[in-house]
Amino acid sequence: MPLHPLGDKPLTFPGPNSAMENGLDHGTPLSPGSLRSAAHSPLDTSKQPLCQPWAEKRGAQGTHEVRYVSAGQSVACGWWAFAPPCLQVLNTPKGILFFLCAAAFLQGMTVNGFINTVITSLERRYDLHSYQSGLIASSYDIAACLCLTFVSYFGGSGHKPRWLGWGVLVMGTGSLVFALPHFTAGRYEVEADTGVRTCPANPSAACADRTSGLHRYQLVFMLGQFLHGVGATPLYTLGVTYLDENVKSSYSPVYIAIFYTAAILGPAAGYLIGGALLNIYTEVGRRTELTTESPLWVGAWWVGFLGSGAAAFFTAVPILGYPRQLPGSQRYTVMRAAEMHQLKDGSRREASNPDFGKTIRDLPLSIWLLLKNPTFILLCLAGATEATLITGMSTFSPKFLESQFSLSASEAATLFGYLVVPAGGGGTFLGGFFVNKLRLRGSAVIKFCLFCTVVSLLGILVFSLHCPGVPMAGVTASYGGSLLPEGHLNLTAPCNTACGCQPEHYSPVCGSDGLMYFSLCHAGCPAATEMNVDGQKVYRECSCVPQNLSSGFGHATAGKCTSACQRKPLLLVFIFVVIFFTFLSSIPALTATLRCVRDPQRSFALGIQWIVVRILGGIPGPIAFGWVIDKACLLWQDQCGQQGSCLVYQNSAMSRYILIMGLLFKVLGVLFFATACCLYKPLSESSDGLETCLPSQSSAPGSATESQLQSSI
């Protein structure tokens, strides 16, 4: 008989009257003790135990297949002795889902949103190099890798809500620590020095004292990120398994999808809110002559971290009040057993023991069981390839959009946020919805992941297109407008030789001839300015900008030239497709991982998977993408003789390198998912008589109906 219809109902005695005669409630799920007491009841005239084929085959170990909360264990919602009845309305799967979604939203908004948005501002404010900011970003994954084994192994058999609540508190502390340098480093006193950037320049101000010591705050930022990683470690291991243990098996993908959708919407909100905060001057309330287009502008990067830190403290308190298991969750244990991956030897008996995994002595066996599970290993490797693309592209996609479409940093971050909200959030939610709606089980879930990966692989091909870069005088075009051979850079021309321009001061302006110039000085513009109708500064009589209609000099406008790329809509549409189908497979892949390991190993398996994903994907992903994107750099910043960050990229090379990286990791993902699908063997193929011990729906007229079960969820 099929296992899925039965999995939708709790396992009960066939007859309510006879069950009550033996002192058993009609709605009580079967447990080892109830099986023994039922052996001498009127339910079985032969006086034989229920599930005789299973009991004979499995022996005494078979009784450990079902775990329940002991009678003395409290399932009330509250904090120690304080558990008022009014709080019990939240003691449901939907209640804990709400607070876990809030925590995941805050984590995504802070770590994957705010951090990626403010990296450029931190480099500018605290004199950090790119490799230093990259180390700050990697501190999160380093902390997670160090803590995952400990948290997932011991937290999996411990009180999960308490682990989760304390983790959120640590994460909130990390946000407050990350914002601390703003209050201890003093005011940001830089002012617009137009005398250095106009013609003639002031050479005495070219290389002022740069030994401020602010770069030492890198250690404070790393500490904040480290605390973020420590606090978020229980969230995506224990949080997922806690949800999976307390809801019906068929509803688990939906709950997990909602949870991960909140985690995806967090970064999107981080990009949008962070981009908006960067338009506010970092010294809130103080007036400045700087504009948002100025390379010296630093936005209010720290405000978001204060808000997320305070919100994390308010979120942690209710999570700490939830019980070890929600009321009524015991009935879902048997339902999940039918979908577990089949182990090839007798070691599954040890994994089925309810006491397995509670001591350090079981750790080697736990690791060995996971290493012998080929489906689990392949899903981990597939997740690593996806994580490489997700972390790499989420870090550098704003820079890609900024270069391709000639946008400012805040505009690029906001545009990327608009893409991530519907694509990432919608894909994550719909992935879980499709698994539930289509009733995908076992290898069908992995096939769905394979389909999504193939579609996103085809979408990656859009990176074979690119937007032509705005021509820049002395970099990609000569001062006369003709194209320069690649590698022939010369910012000096006869029209600006007498200006004494310094290469340290990059402040691009757009000439009336359509060329972009390195600075006002390189365009030969004097200090006299006026304002146009858009509020931008306009510089007249620029000696390097030719006038098209008369014999006089042209003018230049502060800021980059706008891009008139005709391929912009096509690029944005296919980037949306890639993001959508990449996240569409995330919840099905997680569901497949939960179904290919035994119950006591689920938290530990997720912990090991996250370690593999971070070591092979999360940590090297941004480094690999950053390395290939640096290969596309045409002009590097000159910081008084030292090479700084990249100022101008070659759009065609950037698209080509991202295409190569995308194809490489997507092809690997397809291979891993395809192999996992072939090697997956569901437990139902060798169920050890489990199917024969489960009564059919027709034999259980008193069992809970589907509507009753749904209402309890």
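Where in the chain does His 159 have its place? Here are some notes on this and other spots in the model.

1. A word on the basis of these notes. This is a predicted model, in which local features need pLDDT of at least 70 and side-chain atom pairs count only at pLDDT 80 or more, while totals for chains, interfaces and linings use all residues. Residues are numbered from 1 along each chain as its sequence is written, and side-chain values use heavy atoms, with hydrogens and water left out.

2. To take up the opening question, His 159 sits in the loop between helix H6 (130–156) and helix H7 (160–184). Helices (H or I, at least four residues) and strands (E, at least two) are DSSP runs, numbered from the N terminus. His 159 has 14% relative accessibility and so counts as buried; buried means under 20% relative accessible area, exposed over 50%, and partly exposed in between (1.4 Å probe, protein chains only).

3. Who are the partners of His 159? Leaving aside neighbours within four places in sequence, His 159 is in contact with Tyr 322, Pro 323 and Arg 324, where contact means heavy atoms within 4.5 Å. With Arg 324 there is a further detail: a polar atom of the His 159 side chain lies 3.4 Å from the backbone nitrogen of Arg 324.

4. Please have a look at the largest nonpolar core, which has 141 residues. A nonpolar core is a set of buried Ala, Val, Leu, Ile, Met, Phe, Trp, Tyr and Cys residues joined through side-chain atoms within 4.5 Å. Phe 259, Tyr 260, Trp 301, Leu 401 and Phe 463 touch the most other members. Helix H5 (residues 93–125) gives the largest share of this core, 15 residues. Both domain 1 (75–189 + 215–344) and domain 2 (359–468 + 565–682) contribute residues, so the core lies between them; the domain bounds come from an automatic or database domain assignment.

5. Leaving aside its neighbours within four places in sequence, Tyr 260 is in contact with Tyr 236, Val 240, Thr 428, Ile 587, Leu 590 and Trp 610.

6. Among the buried residues of H10 are Val 240, Tyr 242, Asp 244 and Glu 245.

7. Next come the strands. Strand S5 (residues 553–558) runs antiparallel to strand S1 (residues 509–511), and three bridges join them. S5 is also joined to strand S4 (residues 537–546), by four bridges and again antiparallel. Two strands pair if DSSP finds at least two bridges between them. Which residue of S5 is the bridge partner of Gly 511? That partner is Ala 556, and Tyr 539 stands opposite Ala 556 too.

8. A search of the whole structure finds five disulfides, a disulfide being a pair of cysteine sulfur atoms within 2.5 Å. One of them joins Cys 510 and Cys 561, with sulfur atoms 2.0 Å apart. The torsion about their S-S bond is about 110°, so this disulfide is right-handed. It links distant parts of the chain, from Cys 510 in strand S1 to Cys 561 in the loop between S5 and helix H19 (568–584), 51 residues apart. Both cysteines of this pair, Cys 510 and Cys 561, are buried.

9. Cys 501 and Cys 521 form another disulfide, their sulfur atoms 2.0 Å apart. This link is left-handed, with -95° about the S-S bond. Cys 501 lies in the loop between helix H18 (443–460) and S1, and Cys 521 in the loop between strand S2 (516–517) and strand S3 (529–531), so the pair ties together parts that are 20 residues apart in sequence. Cys 521 is buried, with a relative accessible area of 1%.

10. In the pair of Cys 525 and Cys 542, the sulfur atoms are 1.9 Å apart. The torsion about the S-S bond is about 110°, so the link is right-handed. Cys 525 belongs to the loop between S2 and S3 and Cys 542 to strand S4, 17 residues apart. Cys 525 is buried at 0% relative accessibility, and Cys 542 is buried with a relative accessible area of 0%.

11. Finally, two cysteines to check by eye. The sulfur of Cys 145 is 9.5 Å from the closest cysteine sulfur, in Cys 147, which is too far for a bond. For Cys 380 the closest cysteine sulfur is in Cys 596, at 7.9 Å, again too far for a bond. Cys 145 is buried, with a relative accessible area of 16%, and Cys 380 is buried, with 3%.

How values were computed. Polar contact = N/O pair within 3.5 Å; in protein donor to acceptor, adjacent residues only side chain to side chain.
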